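Trainee: Please show me the model, and then we can go through some questions on it.

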Amino acid sequence: MDPIEVHSLSKNFTVKEGAAFRKTSKTITALEDVSFSVKKGEIFGLLGPNGAGKTTTIKTICTLLQPTSGEVRVNGHDVVKESQQARQDLGVMLTGDRTLYWKLSGRENLEYFAALYHMNRAQATKRIQDLLKLVGLDERQDTLVENYSTGMRIRLSFIKSILHEPPVILLDEPTMSLDPQSARLIREIIQNMRRQGHAILLTTHYMEEADQLSDRVAVIDHGKIIAMAPPSELKRSVMKSEVIEIEAQNIDPQIVEKLRGIPSVNEVVSTIQDPSSLGGMVKVHSNDGKNTIPEMLGILVKGGVEVSNVKIATPTLEDVFISLTGRALRD
Amino acid sequence: MTSISNTFDPLRAIFRKQLRHLIRYPGEMVFVFIIPYLLTSLVIAMGTSVAGPQAFANFAAQTGSNLNPFVFLIIGAGVWMVSWVVMEGIGTLLREEQMKGTLEQNFLAPINRFLLLVGTALSQIVITSLLFAGVVGVSVLVLAPQAALGLLVSYGILMIGLIPLFGIGFVFAALVVRFKEPYAFTQAANILFGVLTGTFYNVTFLPVWVRTISAAIPQTIVIQDMRLSIYSINGIVGGFGSILVLLAMAIVYPTLGYYFFKQFERRAKITGDLSKF
């Protein structure tokens, strides 16, 4: 028995559309036949773009949503039939900093949630002090959360999720909006928890984070898992292609699409980072990268794209996603 | 941990959290405290302007009560306010938690939902008891000091009468989770209850069919019995039957209300309503 077991999980939502009195119902499939398990002492990354189904997966595991079909078990407890037992074994950090009481201090928030998780008061007091110190909030523990910075709130929200030392931890974008130092600290704590034997399910937008932390990664898109393996194995699957990264200004998607006409090119995606200058990155997966660069540049320059840098890069998990879907993660 | 501390520690934590919030957002308490005085003054002014110098005598003749009209009316206004806080409180507090994003955090905890609702309600009991003591107690002691003993009995009646209101509060909480418009439901219900329960008059004035509905609302009994007990400590003797009715309501209403809430919670898990604003 693994701490998290998800079998053939599907989740549909019914949404109403249209003006009053003319509303029509539509069924949206958020998850379709999702299956995976997370072992003890494993970090399992769920990687996918916005709306792919990452948060729905987490909310179903943590009993906030009921599956349409399929089965989810947390430490052997069915999340529908034994939801209270499942919740006792779960630590959950949902996205955002509005998961705390802003009119309570950091310490008061933790004391409140410690009681809800049936922690012994003396043990809770010590644990709270240890965790506050761990994330550098001990000196601000009596400050109301409304006076915390976003980073401080996210750190507090994170330690709230691990307060009762749950065997299973679900982290939904735990480092979003954090400064690099705080993000590094949170990642270190997550790695320590893995060493202590916690089973950790992590969703993230950040490819580097998923790559660095995860023992295995599931790539999810449109509610389906489209690949699942250790990050190194996933990256190896795209190694047969070279990844060419072209930094440019005035990127015209129609010109970029012309690159698909080059026989050795498998995938092309462009990401605009600066809308005013149409500046950004064009990523090309090619079987013959070095030899096709001159032809690529010729097409781009002729189309008015101002190329500033070209390099052959090592494949990342983003490239895995591109090769699987033909789209960038942030599309 | 024992099951007793498993129950009471979360309950205590919810209670403390609510109290801290009330202390740190004091404006609402001040507002709620002055409302009964304003409402009572309004009714007295209206009555006096319509009935002229004979207003108080007419009032005694019509109601059959020798209570000071201000005391008579402020009991109704006080119970109405307390009921408002309890019924609306449970629903609106859940809505506020939903808006703040903390409702999901509470629902993630391994505690029974009943504890969550009761914990929220308990804090309302303390607050409303204090407010009621301030509003009605002061008025009775100043205007009808001989009724001090009856005042104590009346608090007992109020405490019993608050329990069935939690059941109605649970229904509001369920509607809030589903429709996310707490004020539309609770304010309509509060005004309706104000009319049906004899807040500013005896329900005997109401048509028979309306009185039948009034009898099913706990505040009707609470207001009547409190007026009786304050008027005369012996007056309540005749009302023991109604206290038994209140006790029965105290069992039936919260049970039904919680069942109703659980049905809506189950639906919210299917639709994802908990995190929708």
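Trainee: Which residue of strand 7 of chain A is the bridge partner of A:Gly91?

Mentor: This is a predicted model, where local features need pLDDT of at least 70, side-chain atom pairs count only at pLDDT 80 or more, and totals for chains, interfaces and linings use all residues. Residues are numbered from 1 along each chain as its sequence is written, with chains lettered from A and ligands numbered from 1 in the order in which they are written. Strands are DSSP runs of E, at least two residues, and helices are runs of H or I, at least four residues, numbered from the N terminus. Strand 6 (residues 90–93) of chain A pairs with strand 7 of chain A in the parallel sense over 4 bridges, pairing being at least two DSSP bridges between two strands; the partner of A:Gly91 in strand 7 of chain A is A:Ile169.

Trainee: What is the handedness of the crossover from strand 7 to strand 8 of chain A?

Mentor: Strands 7 and 8 (residues 199–204) of chain A run parallel, joined by 5 bridges. The chain passes between them through helix 6 (residues 180–195) of chain A. With the strands pointing away from the viewer, a clockwise path from the first strand over the helix to the second counts as right-handed, and this β-α-β crossover is right-handed.

Trainee: How many residues of strand 7 of chain A are buried?

Mentor: A residue is buried if 20 or more other C-beta atoms, placed from the backbone, lie within 10 Å of its own. A:Val168, A:Leu170 and A:Asp172 point one way and A:Ile169 and A:Leu171 the other, and all are buried. Strand 7 (residues 168–172) of chain A is therefore largely enclosed by the rest of the structure, the buried count being 5 of the 5.

Methods. Buried ≥ 20, exposed ≤ 12 C-beta atoms within 10 Å, placed from the backbone.
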